[in-house]
Amino acid sequence: MHVLVTGGAGFIGGHLAEAFLADGHDVTVLDAMDPFYDLGIKRHTLDVHRETAAEAGVDYEFVEGDVRDAELVADLVAEADYVYHQAAKAGVRPSVEAPREYDAVNVGGTLNLLDAARETDLERFVMASSSSVYGGREEYVPFSETDPTLPVSPYGASKLAAERYAAAYHEVYSLPTVSLRYFTVYGPRMRPNMAISNFVSRCLNDEPPVVYGDGTQTRDFTYIDDVLDANRQLLSSAAADGEAVNVGSTDTIEIRTLAAEIRDQLAPDLELEFAERYDADADHTHADTSKAERLLDYDPDHTIREGVATFVEWYRANRDWYEPLVRSS
Ligand code: NAD
């Protein structure tokens, strides 16, 4: 099979492309190399892809380009059997400064891909959506797909619009589309500007972890391998076509508890530092994953404590190249 992974130089897309290559598929990565964080991390990921493709004896191509370029997107989609659309402006907080840019990339770019896919016999269009479509209200915790979608950030609104387009294209053009609502994904090569990479990096450098707000916000952190399992399943299953499905861990934790546990493990003498809370951050994310279990045999098997321990181990082993890039981001 030939898989097009948009955003494939990024964290989640990078792992997806690597997994598909290792599984024996040909992969094309389309990525604009957005300098949202140090590009060295993305270049490292592209090197991993080339090595994995050589080992597996499959074709790999990296195309530096933009999902807003409809012509380029149409050419690449025409050659693919599957599209895994991960490219996006991904930060919640910066979306407050640049809502229109988030709309152009996250909604406009998705429409370019969907329109291109209508012209082909694509097996499936899988897109990365987000828990931020729920908005984080406590009364709906844990969020299930039948709960209201009330995003509180331009980022969340853009992800919701994109996934509704995917569902509509399934409805009116019979395009097999699935949206996976990821709940804060973490693991090797993760984005530097996220809580876990930040806490680990700061503690290992004897700097207190910084918690925004009072830290009573809760997060459903999901280990990257569980996200890969859900995506892999969609290569062969049509059970979720037309649907949006939660992909979380259900092992929810308060941010202050997570920060304290990482601190206790790596630098017990440090005090936590508290900074002003961001309005665009959801108060709570907690997934009800019963729909994913039913449709995708989803069975997340990494608790937050196990996942963080694995990440810390990976961080230490890759500290020489990863840490300078985390700290320069
Ligand atoms: P990431 O920033 O590491 O990856 C996104 C990639 O998209 C980057 O490599 C970037 O260069 C690329 N990109 C940005 N604009 C582009 C454009 N105009 N054209 C082509 N490529 C472009 O982020 P990630 O954490 O890997 O997120 C991947 C997807 O998952 C995104 O759609 C994000 O919204 C979604 N998501 C992520 C999380 C998470 O916790 N990481 C949670 C929910 C949803």
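Helix α1 gives the most to the shell around the ligand, with three residues. Helices and strands here are DSSP runs numbered from the N terminus (helices are H or I with at least four residues, strands are E with at least two). Keep in mind that this is a predicted model: local features need pLDDT of at least 70, side-chain atom pairs count only at pLDDT 80 or more, and totals for chains, interfaces and linings use all residues. Residues are numbered from 1 along each chain as its sequence is written.

**Around the ligand**

- The ligand is surrounded by 31 residues, and the closest are Gly 7, Gly 10, Phe 11, Ala 88 and Ala 128. To be near a molecule, a residue needs its C-beta atom, placed from the backbone, within 6 Å of it.
- At least two shell residues come from each of α1, β2 (26-31), α4 (99-118) and β5 (124-130).
- By class, the shell splits into 15 nonpolar, eight polar and eight charged residues. Here Ala, Val, Leu, Ile, Met, Phe, Trp, Tyr, Cys and Pro count as nonpolar, Asp, Glu, Lys and Arg as charged, and the others, Gly among them, as polar.

**How α1 meets α7**

- Helix α1 (residues 11-22) packs against helix α7 (residues 224-233) at an angle of about 60°, with the axes 10 Å apart. That makes α1 oblique to α7. Axes are lines fitted to C-alpha atoms, for helices over the stretch in contact, and angles run from 0 to 180 degrees between N-to-C directions. Under 35 degrees counts as roughly parallel, over 145 as roughly antiparallel, 65 to 115 as roughly perpendicular and the rest as oblique.
- On the α1 side, the contact is made by Ile 12, His 15, Leu 16 and Ala 19, and on the α7 side by Ile 224, Val 227, Leu 228, Asn 231 and Arg 232. Contact means that the C-beta atoms of two residues, placed from the backbone, lie within 7 Å.
- Sorted by class, this α1 and α7 contact has six nonpolar, two polar and one charged residues.

- Nine of the 10 residues of α6 are buried, so α6 is largely enclosed by the rest of the structure. A residue is buried if 20 or more other C-beta atoms lie within 10 Å of its own, exposed if 12 or fewer, and partly exposed in between, with C-beta atoms placed from the backbone.
- The cover over the buried residues of α6 includes β7, α8 (255-266), α10 (304-317) and α11 (319-327).
- Met 190 sits in the loop between β7 (185-186) and α6 (195-204), and counts as buried because it has 23 C-beta neighbours inside 10 Å.
- Leaving out residues up to four places away in sequence, Met 190 touches Phe 11, Ile 196 and Ser 197.
- Arg 189 is in the loop between β7 and α6 too. Its phi is near 65°, a positive value in a residue other than glycine, and Arg 189 is buried, with 22 other C-beta atoms within 10 Å.

**Other backbone spots to look at**

- Just after α6, Asp 206 has a positive phi of about 60°.
- Asp 297, in the loop between α9 (290-296) and α10, has a positive phi near 55°. Asp 297 is exposed, with 12 other C-beta atoms within 10 Å.
- Val 141 and Pro 142 are joined by a cis peptide bond, with omega about -5°. Pro 142 lies in the loop between β5 and α5 (154-173).
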